[in-house]
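Here is a short note for a colleague who is opening this structure for the first time. The points below are meant to be read with the structure in view.

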Amino acid sequence: MKCDGAVLRGVGQEWEVQEITLDPPREGEVLVKMAVAGICHSDDHFATGDMVPTPELEAIMEASGAPRLDYFPMLGGHEGAGVVEEVGPGVRSVLPGDRVSFSFIPACGACRWCVSGMTYLCDNGAMTLVKEMTTDGTRRRHVGDEDLTAMTQLGTFAEYAVVAEESVIKIDKSIPFEAASLVSCGVTTGWGSGTVGVGTQPGDTVVVIGTGGVGINAVQGARAAGANAVIAVDPVDFKRDTAKFFGATDTSPSVEAAIPLVHELTRGVMADRVVLTPSVLHAELLAPALMLTRKGGTCLLTAVPKFELSMVPMSLVDMIQSCKQVKGLLYGGMNPRASMPMLLDMYRNGHLKLDELITRRYRLDQINDAITDMRDGRNIRGIIEFD
Ligand SMILES: [Zn+2]
Ligand SMILES: [Zn+2]
């Protein structure tokens, strides 16, 4: 079938909305008519080049036999919700007409990591940025006579998406599409980071660095887990104000300014948990983040760093003598198939704010405006609405 989709041709380019072709769903695949797509920073990292390896790193990867990365042309979008239009043979978890949210990892449910309750580590994660489907290794998305890489095997910046059944999670019909879209990436990743990811306990002091679409939900999560104090760090006034609305007890415009603030709030103990959710994770942020972390505390990295070899400044003496942990994590340590329905139940009962996360709504052909607003810090979450 043919429909409109937003395509990125390379680093430094804008998204082009143009006609794309999607092949019909085959065994274990579904076609979804999109209702809402979220504008998340991760798509933009391909336009800025943050997610594209530097030539130095590419040479090392090539020498080690790693497959060559072939991201472009890319069909964008990895957050969204819609309605199943058609199912291929063997699909069991959804039927045409079902409302679904997407998972940016098409977790197989059968590998060692999936059966151990860590679907965010599924072996299929290695195939999230390739042109081939996880189902049978062939290609389904095209523009002209070229094949597309669909962002994280989804491509939600299009009127339709053809994806593996593993990428969709059935959502109750009473849930609005906007809420279902929000839990697809940013909310689940942030909320998980502020709760199970960083291990927040009742009474804890939690610092969240960067309170955009992901970090703001780490603030909500930390409060839900019983944190006594949540300090939101963000240079943008509007984001600090929003963080207060979502449960932050204190705010700081910079990590440097947060150090004396947290020192005072905790009488010198410092924060039990620190969650890093900036738009781009620069290596220099780690040293002050670890100064904010108390002895025995955890510093969680939930962000996209630049795809390069980074020299990370940290005091090894402090790490060891103070028994600090630095932890990297995907999806906030949540399992989408369990967590998304759970979060949507919390939303329905008024224990999770979702509607309030949406700052602006766009049409698909306004995609570049939506990206610009996100880059300029004007949005907590922008969304694209389809007909
Ligand atoms: Zn995302
Ligand atoms: Zn798996």
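1. A word on terms comes before the details: a residue is called buried when its relative accessible area is under 20%, exposed when that area is over 50%, and partly exposed in between. By that cut-off cysteine 40, with a relative accessible area of 4%, is buried. Please keep in mind throughout that this is a predicted model.

2. Which residues coordinate the zinc ion (ligand 1)? The zinc ion (ligand 1) is held by the SG atom of Cys40, the NE2 atom of His78 and the SG atom of Cys185, at 2.0 to 2.2 Å. Along the chain, the donors of this zinc ion follow the spacing C-x37-H-x106-C. The pair of cysteines links distant parts of the chain, since cysteine 40 belongs to the loop between strand E3 (29-39) and helix H1 (41-48), whereas cysteine 185 belongs to the loop between helix H4 (177-182) and helix H5 (186-197), 145 residues apart. Cysteine 185 counts as buried at 5% relative accessibility, and cysteine 40 is buried too, at 4%.

3. The cysteines also deserve a look with regard to bonding between them. In general, a disulfide is a covalent bond between the sulfur atoms of two cysteines. How many disulfides does the structure hold? The structure holds zero disulfides. For cysteine 323, the closest cysteine sulfur is that of cysteine 299, and because the two sulfurs are 15 Å apart, they are too far from each other for a bond. Cysteine 3, for its part, is buried, with a relative accessible area of 5%.

4. Most residues other than glycine have a negative phi, and most peptide bonds are trans. Against that background, the peptide bond from phenylalanine 72 to proline 73 is cis, with omega near -5 degrees, and proline 73 is placed in the loop between helix H2 (55-63) and strand E4 (74-75). Arginine 267, although it is not a glycine, has a positive phi of about 50 degrees; arginine 267 lies in the loop between helix H8 (255-265) and strand E15 (271-276), and counts as exposed at 75% relative accessibility. Cysteine 323 likewise is not a glycine and has a positive phi of about 50 degrees. The loop that holds cysteine 323 runs between helix H10 (316-321) and strand E17 (325-328), and cysteine 323 counts as exposed at 51% relative accessibility.

5. A pair of aromatic rings is described by the distance of the centres and the angle of the planes. The structure holds five aromatic pairs. In one of them, the rings of tyrosine 71 and phenylalanine 72 have centres 6.3 Å apart and planes at 90 degrees, so the pair is edge-to-face. Tyrosine 71 counts as buried at 7% relative accessibility, and ring pairs join Phe46, Tyr71 and Phe72 into a cluster.

6. Is the pair formed by the rings of phenylalanine 104 and tyrosine 331 stacked or edge-to-face? The centres of these rings are 3.9 Å apart and their planes stand at 15 degrees, so the pair of phenylalanine 104 and tyrosine 331 is stacked. This pair links distant parts of the chain: phenylalanine 104 is found in the loop between strand E6 (99-102) and helix H3 (112-115), and tyrosine 331 in the loop between E17 and helix H11 (336-348), 227 residues apart. Phenylalanine 104 is buried, with a relative accessible area of 12%, and tyrosine 331 is buried as well, with a relative accessible area of 1%.

7. Charged side chains over aromatic rings form a further topic. Arginine 99 lies over the face of phenylalanine 177, at 3.9 Å from the ring centre. The ring of phenylalanine 245 has the charged end of lysine 353 over it, 4.9 Å from its centre.

8. The last point concerns strand E1 (residues 2-8), which is largely enclosed by the rest of the structure because five of its seven residues are buried. E1 pairs with strand E2 (residues 16-22) in the antiparallel sense over six bridges, and in E2 the bridge partner of glycine 5 is glutamine 18. E1 also pairs with E4 in the antiparallel sense, over two bridges, and there the bridge partner of leucine 8 is methionine 74 in E4.

Methods. Residues numbered from 1 in each chain as written. Chains lettered and ligands numbered in written order. Predicted model: local features only at pLDDT ≥ 70, side-chain atom pairs only at ≥ 80, totals over all residues. Heavy atoms only, no water. Donors = N, O, S within 2.8 Å, 3.2 Å for Na, K, Ca; no water. Helix = DSSP H or I, 4+ residues; strand = E, 2+ residues; numbered from the N terminus. Buried < 20%, exposed > 50% of the residue type's maximum accessible area, 1.4 Å probe, protein only. Disulfide = S-S within 2.5 Å. Phe/Tyr/Trp six-rings, centres within 6.5 Å; stacked < 30°, edge-to-face > 60°. Lys NZ or Arg CZ within 6 Å of the ring centre and 35° of its normal. Pairing = 2+ DSSP bridges.
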